[in-house]
Amino acid sequence: MLKNDEFIMEIVDVTNEGSGVGKVDGMAVFVPLTAVGDIVKVKALKVKKTYAYGKLMEIITPSSERIENDCPHFNRCGGCVFRHINYEAELTLKTNKVKEAVKRIGGVELEPQPILFDKCDRYRNKAQYPISENGGVGFYAFHSHRIIECEDCILQPEVFSKITDAVSDFVRQNSISIYNEEKHNGLLRHLYIRKGEHSGEIMVCFVINGDRLPKSEIIAELQRLCGDALKSVVLNINKQDTNVILGEKCITLYGSDYITDILAGVKVRLSPLSFYQVNTVMANKLYAKAKEYAKPNGKNIIDLYCGAGTIGLSMAKEAKSIIGVEIIEAAVRDAQFNAKENGIDNVRFICGDAKTAAEQLKNEGIKPDTVIVDPPRKGCDSELIKIIANDFCPERVVYISCDPATFARDIKIFSEEGYNLLEYTPADLFPRTSHCETVGVLVRTDFTLR
């Protein structure tokens, strides 16, 4: 095979990033925008020794899973990868993705529980938009920092589009300079919007490479668009030469420093820096499953990577005690506020990284019945797993993961430390994208049969 060769092949699988996979003369060819069962004409764009990347030229015979794409930006934006297949097929792909990782990487042959799911459009409660040079608002193209302007993202609440249009007009009319990543100059870096699923409260946050936004007319326009739902307009100061979106300093321009919402029966306060699951409806289902796995009644629970404390607080009424650990100070303050606001007094929150805090709790002689971990995409540190398994020695470990590969890797390490994966459930918190969450419960080997 050579670059620019054209050929016909059948799509037989899908990668973790959503590209279809076919084979030509034993060589795997990866083709975006294709579906399992498609017979397609493909042009080779990049050819390696054992695999190639191709461009879809023609669908000769469409897959039975294929549907009409409903977004004009789908083939350019880096968000969705599954708008061309029906949702049932997407759920099957994600279930198999998690199952295969658990088997291949984790070494565990165990069928997953049925995947948790809900609506697949308008589900996000947060959006972070880069700004183009001409003031347009959109998203990055796949694997790039090239901005695709987007009038209305179907994953976001409709009010977000009204806000982005208003901000674009404001930027253009007032000649607000746009941040240039290469030159590290310009003012406006990102627009960040949050909306409480249950409360309806809206926060608009401008991320800037400076100390002030030179005009205030935008606040009046946001009030006109959002009405009483607009609760907070914030400046986030980020002067660092970095790809990290948010800086550490926030200045409130209008309203409150935070908005509120309800998740898993807990009233929560959300500042710009607080971690909060972007799909509230599905987070409720995910946390309910985590609670089922944790069996909190009368138990002492440690909640590592606790964010604003929602998971632990949702179990606090049944549990004997909850200790939450989180590295972001603002999130810990939110967690403490959330506990007080909900009248929960059997909780304690520690600000620090999970590994250091775990060592601190070990030195205090803390012996939890259950440990909950909800780590970032990179998973748990192997030393942290050893501390959990050998020093805490809980009966159960509930693991919430946003990456099947690191979930599987870590359950293998847990198994080497005496913990078996008892059950796991995929959860589709990010429909139409390639991402899939998983929640699983590991039980100490000598406790399995109790």
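This is a predicted model: local features need pLDDT of at least 70, side-chain atom pairs count only at pLDDT 80 or more; totals for chains, interfaces and linings use all residues.

Colleague: How many helices and strands does the protein have?

Modeller: There are nine helices and 22 strands. The radius of gyration is 23 Å, close to the 22 Å that the globule rule gives for 450 residues, so the protein is as compact as a globular protein of that length. The C-alpha trace spans about 65 × 60 × 35 Å along the principal axes.

Colleague: What share of the residues is buried, and what part of the contacts links residues 24 or more positions apart?

Modeller: Buried residues account for 53% of the 450. Of the contacts with a separation of 6 or more, 64% are between residues 24 or more positions apart. The accessible surface is about 20200 Å², and carbon and sulfur atoms contribute 48% of that area.

Colleague: Let us turn to strands. Which strands pair with β10, and in what sense?

Modeller: For a strand, one asks about its partners, their direction and its cover. Strand β10 (residues 188-195) runs antiparallel to β7 (residues 126-130), with five bridges between them, and A127 is set opposite I193 of β10. Seven bridges join β10 to β11 (residues 202-208), again in the antiparallel sense, with K195 opposite I202. β10 and β11 form a hairpin with six residues between them, and G200 in the turn has a positive phi of about 80 degrees. As for cover, seven of the eight residues of β10 are buried.

Colleague: In what sense do β16 and β17 pair, and why is β17 described as largely enclosed?

Modeller: β16 (residues 300-304) and β17 pair in the parallel sense over five bridges, and I302 stands opposite I323 in β17. Five of the six residues of β17 (residues 321-326) are buried, so the strand is largely enclosed by the rest of the structure.

Colleague: What is found at the start of α9, and what follows the helix?

Modeller: At the start, a side-chain oxygen of D403 comes to within 2.9 Å of the backbone nitrogen of A405. After α9 comes G418, whose phi is positive, near 100 degrees.

Colleague: Finally, consider loop residues. Is S274 buried or exposed?

Modeller: S274 lies in the loop between β15 and α4, and its relative accessibility is 4%, so S274 counts as buried. Leaving aside neighbours within four places in sequence, S274 is in contact with R194, R269 and D334. The side chains of S274 and S271 are joined by a polar contact of 2.8 Å.

Colleague: Where is N346 found, and which residues does it contact?

Modeller: N346 is in the loop between α6 and β18. Beyond neighbours within four places in sequence, N346 is in contact with A316, A319, K320, S321 and I322. A polar atom of the N346 side chain lies 3.4 Å from the backbone oxygen of K320.

Notes
Residues are numbered from 1 along each chain as its sequence is written. Side-chain values use heavy atoms; hydrogens and water are left out. Helices (H or I, at least four residues) and strands (E, at least two) are DSSP runs, numbered from the N terminus. A polar contact is a pair of N or O atoms within 3.5 Å; within protein, one must be able to donate a hydrogen and the other to accept it, and residues adjacent in sequence count only if both atoms are side-chain atoms. Contact means heavy atoms within 4.5 Å. The radius of gyration is taken over C-alpha atoms; the globule rule is 2.2 Å times the number of residues to the power 0.38. Buried means under 20% relative accessible area, exposed over 50%, partly exposed in between (1.4 Å probe, protein chains only). Accessible areas come from the Shrake-Rupley method with a 1.4 Å probe; for residues, only the protein chains shown count as cover. Two strands pair if DSSP finds at least two bridges between them.
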